[in-house]
Amino acid sequence: MMIPTGEATIGPFFPPRYVDQGANDLTMFDGRKAKGEAIWIRGRVVQEDGAALENLIVEIWQPDADGIFRHPADPRHARADPDFLGWGRAATDDKGGYVFRTIMPGAPEGRAPHINFMLMFSGLMRILKTTLYFEHGMDVVLLAVPASRRELLMAKKQGPGSYRFDIRLRGENETPFFGD
Amino acid sequence: MLSIPMPTIIQPRDERTQPARIVAGYPQTPLRNPRQPLVKRSPTLSELSGPLEAARRVKLLGGDIAGHGDKQAIGQLIHLKVRVLDEDGAPVGGTLVEMWQANAAGRYLHPNDDDHAPPDPNFYGAARLVTDESGRCELRTVKPGAYPVPTRDGWWRPPHVHFSLFGKVWLSRLVTQMYFPGEPLNGQDRILNAVPDTAARESLVARYLPPTGDPHDALVFEHQIVLRGRAATPVQP
Ligand SMILES: [Fe+3]
């Protein structure tokens with residue numbers, strides 16, 4: 001058994017060109033449109049003192065509109081939407097804001113609809129992992145979170161096809177993060 | 001041909017092989033890292049799958065970033081042989097590797113870097129490529145310079161190269177840094193030394209290979225990166 005390499009902060013100098021134009025739009029892949037309901041997810045990332053964090057890298061991973069992951073571990077993956085990659089990357093702006101355009105995920109086997117988030121930033125020695133939900137439900141990952149904190153993982157509907165998911169790294173109403 | 005996908009097993013890491021989240025003398029860390037205990041979960045398909053084709057979403061840049069002829073970057077030319085493995089020691093082929101570093105003077109070409117050192121017009125400092133089937137990728141670059149951290153208390157980052165890798169599943173995603181052997185600043189770097197386990201810390205330092213004449217113009221270093229995950233043992237029916 002080999003020891004997994006130690007993590008380190010992404011630092012303040014992640015190349016801007018690594019946040020490719022369009023990398024935050026999961027509804028299009030190779031010039032083709034994914035099937036399902038296109039939605040916006042917007043949010044703001046702040047640290048303990050409330051300061052907005054600029055240039056923080058946010059990545060998401062999710063299944064397609066039918067809840068199928070584009071990955072051979074999913075027994076249904078042969079039926080995954082060929083026009084949906086399921087991965088995207090965004091960087092926060094000077095107000096700490098990020099935005100993704102994506103497809104409303106279907107429910108994977110045994111889970112509620114959700115989107116996996118990763119945050120990478122200067123001062124984060126480890127990647128921070130959390131999960132966005134659209135509503136409370138029976139979901140093993142959500143149920144692992146203390147009941148009093150589950151609401152913090154719910155995206156807030158802002159209007160048709162528009163959701164808000166704010167992330168607080170530390171302090172009051174701190175977003176739950178997973179220790180894996 | 002029918003291929004039966006081999007599920008990936010992810011087990012908790014020995015925390016001593018990973019850096020502390022809050023680091024003395026690194027003033028941003030106490031403001032940005034969770035105060036609440038991290039939530040323990042058993043990974044599901046969602047975390048045990050992940051983007052295998054991220055390279056199709058981004059623009060690859062290749063691994064030769066030192067420039068040639070009149071356009072060669074200033075600095076010690078190095079040839080870096082990177083190998084990406086999983087916890088079984090099996091190669092992780094076809095995975096996206098993103099690398100970035102300072103120039104030989106210790107300056108990044110990034111709006112966040114101040115003007116403590118000169119930019120090099122022939123050095124952007126970022127390579128983005130995909131590992132081959134044996135989990136290897138090769139970089140031709142220059143050795144990065146050390147640079148002062150604006151804490152103004154004498155913390156200098158030793159020469160290092162940043163890496164971002166994907167692997168086979170969401171939980172194998174890795175952001176790390178590689179160091180150079182024998183650097184006097186390694187011993188006091190707050191980021192490198194945030195990893196408590198000695199062997200794990202030493203594995204972040206590249207290995208210097210003696211010159212052999214191939215390539216004749218660059219020093220050669222090799223570095224191994226181990227991503228999380230093991231293949232599940234196949235169950236005989
Ligand atoms: Fe750096």
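A salt bridge is counted here when a side-chain nitrogen of Lys or Arg lies within 4 Å of a carboxyl oxygen of Asp or Glu. By this rule, 10 salt bridges are found between chain B and chain A. In one of them, the side chains of Glu59(A) and Arg173(B) meet at 2.7 Å, N to O.

The model is predicted: local features need pLDDT of at least 70 and side-chain atom pairs count only at pLDDT 80 or more, while totals for chains, interfaces and linings use all residues. Residues are numbered from 1 along each chain as its sequence is written, chains are lettered from A and ligands numbered from 1 in the order in which they are written, and side-chain values use heavy atoms, with hydrogens and water left out.

Turning to the interface as a whole, 79 residues of chain B are in contact (heavy atoms within 4.5 Å) with 73 residues of chain A. The area buried between the two chains (accessible area, 1.4 Å probe, lost on being put together and summed over both) is about 7,100 Å², and carbon and sulfur atoms give 58% of this area. Arg32(B), Arg57(B) and Trp170(B) supply 13% of the area that chain B buries against chain A, more than any other three residues.

The iron ion is coordinated by Tyr108(B) through OH, Tyr147(B) through OH, His160(B) through NE2 and His162(B) through NE2, at 2.0 to 2.1 Å; donors are N, O and S atoms within 2.8 Å of the metal (3.2 Å for Na, K and Ca), and sites may look incomplete because water is not among the atoms.
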